[in-house]
Amino acid sequence: MKVTEHISKAKKSLFSFEILPPIRGNDIKDIFSTLDPLMEFNPPFIDVTYHREEFVYIDKGNGLLQRKKISKRPGTVGICSAIMNKYKVDAVPHLICGGFNKQMTENALIDLNFLGIDNVLVLRGDPIKHENKFFAKKDGHKYAVDLVKQVKNLNSGIYIDKNFIDNNNTNKKESPIFDFCIGVAGYPEKHLEAPNIESDLFFLKKKVEAGANYIVTQMFFDNKKYFSFVEKCRIEGISVPIIPGIKPISSIQHLNSLPSKFYLSIPNELVKEIEKTKNKKNVFHIGIEWSINQSKELRNSGVEVIHYYTMDKPENIYQIVQSIF
Ligand code: FAD
């Protein structure tokens with residue numbers, strides 16, 4: 001079922017989760033151990049991130065470094081299929097521009113359609129390690145909006161190369177073969193590369209005009225940022241559901257790493273509380289309490305879905321959702 005259908009049928013706030021494919025060499029059981037406890041909350045859908053290949057440098061021992069391309073977290077599509085099979089819930093694979101050309105994207109969408117996947121979260125992807133800006137693959141997409149357009153085209157039966165599709169297939173249904181519900185990312189505190197929030201909203205609106213059906217936000221720690229973002233979106237005429245993304249802080253390092261990686265701010269009240277704790281283990285509980293309060297306020301404001309970034313660690317997420325479920 002489409003995310004938008006889940007939303008329109010919901011009688012109260014729903015809880016969804018994002019997981020990461022395990023690092024190469026690990027078992028799918030790791031994913032199930034993350035999800036098993038969270039299934040108690042009847043998530044309507046589970047997002048599975050996509051991680052593009054990256055370069056690593058291997059010391060050859062002779063003063064030379066060898067550049068090697070590796071994919072650390074493969075398996076997004078397989079995990080989506082396993083989740084749907086095991087839990088009978090919708091899985092939402094993330095689909096990125098980085099590392100894909102248009103043909104590869106089309107093939108990936110054909111796979112997803114054959115697997116019965118109804119939703120995709122469409123993203124540009126970050127620059128790869130060692131590169132200071134995002135570079136699209138040759139004949140790939142530079143911005144998420146272009147990938148949204150490609151998915152939308154397929155939804156209308158428009159393939160990249162019409163000369164190589166079977167037009168003589170008499171079994172072809174009247175309705176289009178593809179009907180993906182499309183999600184995109186939104187940034188309550190703006191995307192780190194955007195010169196300002198207005199510019200970011202301008203391009204967010206382009207993604208919606210191109211066919212995005214819903215938005216999932218970057219994590220935020222101050223609900224006021226989310227409410228103000230939603231208000232600005234509505235003023236701009238962006239009317240699709242805007243699903244808030246929540247991640248609990250779980251270590252003192254997060255105070256620096258999250259703002260620098262994701263361009264977001266952490267309220268001073270939370271920073272002070274974390275800094276004054278003598279026992280570093282308390283940070284985990286402070287993070288949980290903070291997210292519970294955020295979640296309660298979001299739910300009371302009537303948001304349709306609260307989306308949790310699990311980072312494949314269910315303990316804190318379980319405690320948060322359990323306290324408001
Ligand atoms: P875009 O919408 O393309 O925007 C990128 C930047 O370009 C923005 O600053 C925007 O304002 C600007 N812009 C957009 N269009 C134009 C245009 N036409 N001209 C000029 N400027 C423009 N990354 C992964 O690799 N894998 C994942 O699974 C993943 N999941 C994510 C899930 C969520 C909910 C979020 C919020 C992020 C996720 N990311 C993931 C990270 C995401 O890929 C990065 O934040 C990336 O840097 C931007 O992606 P985007 O889709 O927002 O890009």
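These are my notebook entries on what I looked up in this structure.

**Ground rules**

I am working with a predicted model, where local features need pLDDT of at least 70, side-chain atom pairs count only at pLDDT 80 or more, and totals for chains, interfaces and linings use all residues. Residues are numbered from 1 along each chain as its sequence is written, and side-chain values use heavy atoms, with hydrogens and water left out.

My helices (H or I, at least four residues) and strands (E, at least two) are DSSP runs, numbered from the N terminus.

**The barrel**

I started with the strands. I found a closed barrel of 8 strands with parallel pairing, in the order E1-E2-E5-E6-E7-E8-E9-E10. Neighbouring strands of this sheet are turned by 30° against each other on average, direction ignored. For such angles, axes are lines fitted to C-alpha atoms, for helices over the stretch in contact, and angles run from 0 to 180 degrees between N-to-C directions. Two strands pair if DSSP finds at least two bridges between them.

I then checked what packs on the sheet. Helix H7 (residues 223–235) touches E7, strand E8 (214–219) and strand E9 (242–246). The direction of H7 makes about 160° with that of E9.

**Strand E7**

Next I looked at E7 and its two partners. Strand E6 (residues 119–123) pairs with strand E7 (residues 181–186) in the parallel sense over 4 bridges. Leu121 stands opposite Gly183 in E7, and Val120 has Ile182 as its bridge partner there. E7 and E8 also run parallel, joined by 4 bridges. In E8, Tyr214 is the bridge partner of Gly183.

How many residues of E7 are buried? I get 6 of its 6, with buried meaning under 20% relative accessible area, exposed over 50% and partly exposed in between (1.4 Å probe, protein chains only). Cys181, Gly183 and Ala185 lie on one side of E7, and Ile182, Val184 and Gly186 on the other.

**The cysteines**

I went looking for disulfides, meaning a pair of cysteine sulfur atoms within 2.5 Å, and the count came to 0. For Cys80, the nearest cysteine sulfur is that of Cys181, 14 Å away. Cys80 counts as buried because its relative accessibility is 0%. Cys181 is buried as well, at 1%.

**Helix H5 and Gln150**

H5 has 12 residues and reaches 17 Å from its first C-alpha to its last, close to the 16 Å expected at 1.5 Å a residue. The expected span is 1.5 Å times one less than the number of residues. I listed the buried residues of H5, among them Ala144, Leu147, Val148, Val151 and Leu154. What covers the buried residues of H5 includes strand E5 (90–96), helix H4 (102–114), E6, E7 and H6. After H5 comes Gly157, with a positive phi near 80°.

Is Gln150 buried or exposed? Gln150 counts as buried because its relative accessible area is 8%. Leaving aside neighbours within four places in sequence, Gln150 is in contact (heavy atoms within 4.5 Å) with Lys102, Thr105, Glu106, His141 and Ile160.

**Helix H6**

Helix H6 (residues 197–210) has 14 residues and reaches 20 Å from first C-alpha to last, close to the 20 Å expected. Which residue caps the N-terminal end of H6? I found Asn196, with a side-chain oxygen 3.2 Å from the backbone nitrogen of Glu198. Just after H6, Gly211 takes a positive phi of about 135°. The buried residues of H6 include Ile197, Leu201, Leu204 and Val208, and the buried set packs against H5, E7, E8 and H7.

**The hairpin and a loop**

Strand E3 (residues 54–59) and strand E4 (residues 65–70) run antiparallel, joined by 6 bridges. Val56 stands opposite Lys68 in E4. The hairpin has 5 residues between the strands, and Gly61 takes a positive phi near 85° in it.

My last stop was Ile23, in the loop between strand E1 (14–19) and helix H2 (28–38). Ile23 counts as partly exposed, because its relative accessibility is 42%. Not counting residues up to four places away in sequence, Ile23 touches Lys72 and Arg73. Ile23 and Lys11 are 12 residues apart in sequence, and I found them 37 Å apart in space, C-alpha to C-alpha.

Definitions and conventions: A polar contact is a pair of N or O atoms within 3.5 Å; within protein, one must be able to donate a hydrogen and the other to accept it, and residues adjacent in sequence count only if both atoms are side-chain atoms.
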